Amino acid sequence: FYGLVMAFSGLTSRRDTKPFLLVIHDGKDAALDINSLELAYGQLPDQKLLLVKAWIELHREELIASWQLGKATGDYFKIAPLQ
């Protein structure tokens, strides 16, 4: 949505304990910690970062559930985009 692609990494180690979300915008990537909303790496324009943080706030429980499912099975489920 809004030129942003959000996903979980398929290469996540089972030892990773912090759920994070990958965000791709304009050919660049960043990662945000789902719980703290802090950037783990990368950069996003301020307006895009605000949108991503708002979306995470609205869908935090779903994101964490999907993260846990993905770590266990490798399958993640889709979450509705910001509207």
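Predicted model: local features only at pLDDT ≥ 70, side-chain atom pairs only at ≥ 80, totals over all residues.
**View 1. The largest nonpolar core.** This core comprises 21 residues. Leu21, Val52, Trp55, Ile56 and Leu63 are those with the most contacts inside the core. At least two core residues are supplied by each of four elements: strand E1 (4–7), strand E2 (20–25), strand E3 (28–33) and helix H1 (46–73). The largest share, six residues, comes from H1. In soluble globular proteins, nonpolar side chains tend to be buried together.

**View 2. Contacts of Leu63.** Leu63 is one of the residues with the most contacts inside the largest nonpolar core. When residues up to four places away in sequence are not counted, Leu63 touches Phe8, Leu21, Ile34, Trp55, Ile56 and Ile79.

**View 3. The largest pocket and its lining.** The space in this pocket amounts to about 240 Å³. Its lining consists of 15 residues, and Met6, Ala7, Trp55, Lys78 and Ile79 lie nearest the centre. By class, 13 of the lining residues are nonpolar, one is polar and one is charged. E1 and H1 each supply at least two residues of the lining, and E1 gives the most, with four residues. Trp55, among the residues nearest the pocket centre, is also among those with the most contacts inside the largest nonpolar core.

Methods: Residues numbered from 1 in each chain as written. Heavy atoms only, no water. Core = buried A, V, L, I, M, F, W, Y, C linked by side-chain atoms within 4.5 Å. Buried < 20%, exposed > 50% of the residue type's maximum accessible area, 1.4 Å probe, protein only. Contact = heavy atoms within 4.5 Å. 1 Å grid on protein atoms, 1.4 Å probe; cavity = no way out; pocket = protein on both sides within 12 Å on 5 of 7 lines; lining within 4 Å. Points joined across faces, edges and corners; volume = space filled by probe spheres on them. Nonpolar A, V, L, I, M, F, W, Y, C, P; charged D, E, K, R; others polar.
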